[in-house]
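User: Hello! I am new to this structure and would like to learn how to read it. Could you walk me through it?

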Amino acid sequence: MLFIILVLITAIPAYLLGSVNGALIASKVLYRKDIRDYGSGNPGLTNFYRTFGKGGALIVVFIDVAKTIAPLIFGGWIFANFSELVPSFVWPFDTYFDEVFFGRTVASLFVVLGHCFPVFYKFMGGKGIMAIGAIVIVLDWRIALAAWGVFVLITILTRYVSLGSMIGSIAIAVSVIVFDIGGIPEFVVIALIVILVHIRHFPNIKRLVKGEESKLNLSRKKS
């Protein structure tokens with residue numbers, strides 16, 4: 001019961017903060033406009049930048065990074081300070097249990113869930129990639145290096161951002177195993193995040209298979 005309470009204390013704020021949308025907040029506060037009424041209609045950083053410019057975009061980045069990092073720090077603190085209250089038999093893998101890392105991975109999962117299915121916006125959100133980009137930096141520098149490195153490499157080689165995002169997310173789970181970070185409970189939570197990323201990218205997967213996915217234009221001039 002205490003374990004469930006700790007998870008809920010970590011998960012609920014993480015989900016609610018994850019549901020916050022920086023682009024919507026910035027567009028309404030700074031410009032008295034709704035970003036969803038402009039450009040592609042997507043309440044994301046790219047559409048905001050194209051519509052309002054880099055000044056407001058920096059605020060969007062700040063909001064989205066802050067809302068992602070704060071729950072992870074809180075989740076790690078909760079489990080680090082209160083997990084000793086939970087009976088030892090609750091942890092089936094207590095030998096390998098890392099309280100701080102587990103708390104942060106639980107928060108990570110629910111932040112991404114909030115980003116993908118925001119309660120404040122009729123559960124219509126993004127794909128969680130920007131959130132994950134900030135999450136890995138907080139989790140462990142080795143995970144961040146692997147995830148960001150694979151993402152950049154695959155994106156440059158193929159010019160498919162979606163493919164880079166999906167393989168980059170897989171690199172998170174692989175790096176946890178390779179670098180022996182955390183234990184089985186943490187790996188299971190991270191695996192759920194990877195699965196969620198691929199579910200959100202299902203339309204992209206279909207377009208990739210058909211050869212219809214849009215490629216990133218790396219040159220300044222349009223071809």
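Predicted model: local features only at pLDDT ≥ 70, side-chain atom pairs only at ≥ 80, totals over all residues.

User: Which residues touch the most other members of the largest nonpolar core?

Analyst: A nonpolar core is a set of buried Ala, Val, Leu, Ile, Met, Phe, Trp, Tyr and Cys residues joined through side-chain atoms within 4.5 Å. Buried means under 20% relative accessible area, exposed over 50%, and partly exposed in between (1.4 Å probe, protein chains only). Here the largest core has 33 residues, and Leu-72, Val-112, Ile-132, Val-136, Ile-143, Ile-172 and Ile-190 touch the most other members. Helices supplying at least two residues each include α1 (2–18), α4 (54–82) and α5. The largest share, eight residues, comes from α5. There is also a second, separate core of nine residues, with Leu-24, Ile-35, Ala-57 and Val-60 among them.

User: What is Val-112 in contact with, leaving aside its neighbours within four places in sequence?

Analyst: Contact means heavy atoms within 4.5 Å. By that rule, Val-112 meets Gly-128, Ile-132, Ile-135, Ile-193 and Leu-196.

User: Is Ser-165 buried or exposed?

Analyst: Ser-165 has 7% relative accessibility, so it counts as buried. This serine lies in helix α8; helices are DSSP runs (H or I, at least four residues), numbered from the N terminus. Not counting residues up to four places away in sequence, Ser-165 touches Ile-129, Phe-151 and His-201.

User: How many aromatic pairs are found in the whole structure?

Analyst: Rings of Phe, Tyr and Trp (its six-membered ring) pair if their centres lie within 6.5 Å; planes under 30 degrees apart count as stacked, over 60 as edge-to-face and the rest as tilted. The search finds nine pairs. Trp-77 and Phe-82 are edge-to-face because their planes stand at 80°, with ring centres 5.7 Å apart. Trp-77 is partly exposed at 46%, and Phe-82 is partly exposed at 32%. Ring pairs also link Tyr-31, Tyr-38, Phe-48 and Phe-52 into a cluster.

User: Where is Phe-120 found?

Analyst: Phe-120 sits in the loop between α5 (99–116) and α6 (129–139). The rings of Phe-120 and Tyr-121 also form an edge-to-face pair, because their planes are at 80°, with centres 6.5 Å apart.

Conventions
Residues numbered from 1 in each chain as written. Heavy atoms only, no water.
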